[in-house]
Amino acid sequence: MWREKLQEILKKGRLKSVTNEKLFRDVVDRCGLKLQYLAEKMGISYQSLLNKLHGKTEFTVYEVSVFQQVTGCSDEIRDAIFYGKDVACEDTLKGGESKDA
């Protein structure tokens, strides 16, 4: 049953999520990015990005994909940010590389 529901949601291009704003901002900061730049890459306004971060609107699958491509974060971190999955991970960058290293 849950698979059918997930497929229906995916077809609409949206996944209901509660965004982990703290982890989102941590990843963006570690990558040295600005929210304005990320919004432009996602094809949305800065205000739309803020609305999504504050839970007023939802991120589309495309926007989540762009976030992952631009930041290089792992699937595990992406899921923790957008889908509420717990993650025990010190590093937020793909491949275990820290920007501080």
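This is a predicted model: local features need pLDDT of at least 70, side-chain atom pairs count only at pLDDT 80 or more; totals for chains, interfaces and linings use all residues.
Start with confidence. The protein chain has a mean pLDDT of 80. Of its residues, 66% reach 70 or more. Then look at residues 87-101. There pLDDT stays under 50. For that stretch the model has 27 contacts beyond four places in sequence.

Now turn to helix α5, which spans residues 61-71. Which of its residues are buried? They are E63, V64, V66, F67, Q68 and T71. An α-helix has 3.6 residues a turn, so residues three or four places apart point the same way. Just after α5 comes G72, with a positive phi of about 75°.

Finally, take Q68 in α5. Why does Q68 count as buried? Its relative accessibility is 14%, and the cut-off for buried is under 20%. Which residues does Q68 touch, leaving aside its neighbours within four places in sequence? Q68 is in contact with C73, S74, D75 and R78. One of these, D75, also makes a polar contact with Q68. That contact joins side chain to side chain, at 2.6 Å.

Technical notes:
Residues are numbered from 1 along each chain as its sequence is written. Side-chain values use heavy atoms; hydrogens and water are left out. Helices (H or I, at least four residues) and strands (E, at least two) are DSSP runs, numbered from the N terminus. Buried means under 20% relative accessible area, exposed over 50%, partly exposed in between (1.4 Å probe, protein chains only). A polar contact is a pair of N or O atoms within 3.5 Å; within protein, one must be able to donate a hydrogen and the other to accept it, and residues adjacent in sequence count only if both atoms are side-chain atoms. Contact means heavy atoms within 4.5 Å. pLDDT is the predictor's confidence in each residue, from 0 to 100.
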